[in-house]
Amino acid sequence: MALLEIKELTVNYYTLTGVVNAVDKVSLNVEKGEWISVVGESGSGKSTMAYAIIGLVPPPGRIAGGQILLEGRELTSLPPKEMRMVRGRDIGMVFQDPMTSLDPLRRIGHQVAEVLVEHGVAEWDDALEKAKEMLRRVGIPEDRADYYPHQLSGGQRQRVAIAIAMVLRPKLLIADEPTTALDVIVQDTIMDLMEEFKKEGTSIMLITHDLALASERSDRIAVMYAGRLVELGPVDDVVEGSAHPYTQMLLRSVPDLWGPKDIKSIPGFPPDLRNPPSGCRFHPRCPYATSKCSREDPPMVRVGPLHYAACHYAGKLGEEGGG
Amino acid sequence: MPLLEVRDLKKYFPVERSLLDRLLSRERRYVKAVDGISFTLDKGEVLALIGESGCGKTTTGRVVLRLLEPTAGKVYFDGIDVTGLSDEEMRRLRRRMQMIFQDPYASLNPKMRIGRALEHPLLIHGLATKKEAREEALRLLERVGLTPAEEFYHRYPHQLSGGQRQRVAIARAMITRPDFVVADEPVSMIDVSMRASILDLLQDFRREYGLSMLFITHDIAVGRVIADRIAVMYLGKIVEVGPVEEVINNPAHPYTLALIEAVPSIKRRRRKEKKRIVVGGEVPNPINPPSGCRFHPRCPYATKICSQEEPRLRRVGPNHYVSCHHPLKQES
């Protein structure tokens, strides 16, 4: 059984100017011990999906359909109190801005220890010792347990956020753009740290706009566009033999240090999700689009043993992928 | 003669003193944002200034255009000593030296229609009549792909997407036909799928106007797409400068190598490879930078001399210079 099963998840934001269909019938599994990266641009629904998993879709958003099962247990219908216990114990989460999860007025050691106390795992004295151990584990010297967040660099704060997310050893760590605000060398060390937790058995879900970052560490990549999952598969399949035109064009649009210099933008703009295009949501920007694409939603079709794409012409578009 | 020459440029920012510091008459301290850098830029050339946050790259761009006054050093533009010009003389020179900012949401006046924002530089420099300015604004809008131009001419910035605003910012910088532009992270706030078109646009203007550009970025892969040469900055100093492909393929400074190694790549996925260099820690405080070579506390190759003597820029290949006591590459 998969660790996490997302089935036909739909999340809408009910705004004054209309209903924004941010996530549309997305189905996705996270296997035990795997690193899966969800890649997409702003507005693709990748972050909203992550918030839905931990039961924290911000208002005016709401899960409008589908199921989220953690080891078979339905999360979307859990009462808030029980969901609070799932967060931290079963699922840990880190955000782009570590100050989202850090309290600026409290010492970092206390903040890590609090998670243990809140979940009834330890008493304060014991919890503080365990917190120091956890801080050391993420690369913060234990004499800094008395520091306040502002005394740390951005990279160190993100390490503390990871310590808070991981101190109860959850089965799944969801990281939403955890390194977007950090410099590349620091980013690399944060990724190393996440990889260490993966080696110890934690499943990782990395949410990122950076296809290259995803391609280096993941087992599988899920590509989202305009609220829908458009491609899913093992890293090599997705980046070297991408089957969806959006993935193919995205690959050609990003400058790669070791790739060709003549990069090409994807023409047009992502759609307004208050009024998404009919059929395939990528069809207005797709060079291969036919009338079928604007009429019918493309189903997720299998193009390789573990490789899927939501395109009417998946696997029939020739060897254009991967640049 | 190069179009732009920067000589031993410094920019220090005073650190606010606390009451206690003042009572004890403690010495004022400075953030040495830019601490003695020199480089040249030829006509039609693009130099990418690369570095992590706090390295001084943005300050360099601003001092070169004299949006900030330098603490010391000289900037020569087309033979003119820019640092010695009066405000009035500087204003006249601005027509030829322009800037494109990172945040297209902050760089356009929200109350000014796009058309007027574009005409503005032409009118204040007295380069065109109202009618000519309007025609030129429409031509530029067309040129940067904001069509129908008539429609965009009458719009306000809030009616445009980030990518469209950045096109307006580029059009505004180009409308006076400058010889030189500083582009400070012009694509870092643009969605990935649309970055290439902004870079293409800058390339087109470069070809058309023979434009020289100082392209400031934290992303070495973006710099590679547009630049002829790369200069790598660390804590207020240029540590390496050279032709793009040479610096990327044969970096001479350990810091450059560390930077390149950390950049994720689809083409060279290193999941199972061993890292070529491991550097510890993070960038130190620029108020009190390390002695000698500023990178020495993090450098795996550092020896005694590195903490004692500041390395001079030395040649390691054609047009390729490094400031390191133990460069990874020697002149062959």
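This is a predicted model: local features need pLDDT of at least 70, side-chain atom pairs count only at pLDDT 80 or more; totals for chains, interfaces and linings use all residues.
View 1. Helix H3 itself runs over residues 108-118 of chain A. Its buried residues are A:Ile108, A:Gly109, A:Gln111, A:Val112, A:Ala113, A:Val115 and A:Leu116.

**View 2. The contact between chain A and chain B.** Chain A gives 34 residues to this contact, and chain B gives 32 residues. On the side of chain B that touches chain A, helix H8 (192-209), helix H9 (220-226) and helix H11 (254-262) each supply at least two residues. H8(B) has the largest share of that side, with 6 residues. By type, the residues on the side of chain B that touches chain A are 16 nonpolar, 10 charged and 6 polar.

**View 3. The fold of chain B.** Chain B contains 12 helices and 12 strands. Its C-alpha trace spans about 65 × 55 × 40 Å along the principal axes. The radius of gyration of chain B is 21 Å, which agrees with a compact globule, because a globule of 332 residues would have a value near 20 Å.

**View 4. Burial and contacts inside chain B.** Of the 332 residues of chain B, 48% count as buried. Among contacts in chain B with a separation of 6 or more, 64% join residues 24 or more positions apart.

Terms used. Residues are numbered from 1 along each chain as its sequence is written. Chains are lettered from A and ligands numbered from 1 in the order in which they are written. Helices (H or I, at least four residues) and strands (E, at least two) are DSSP runs, numbered from the N terminus. The radius of gyration is taken over C-alpha atoms; the globule rule is 2.2 Å times the number of residues to the power 0.38. A residue is buried if 20 or more other C-beta atoms lie within 10 Å of its own, exposed if 12 or fewer, and partly exposed in between; C-beta atoms are placed from the backbone. Two residues are in contact if their C-beta atoms, placed from the backbone, lie within 7 Å. Ala, Val, Leu, Ile, Met, Phe, Trp, Tyr, Cys and Pro count as nonpolar, Asp, Glu, Lys and Arg as charged, and the others, Gly among them, as polar.
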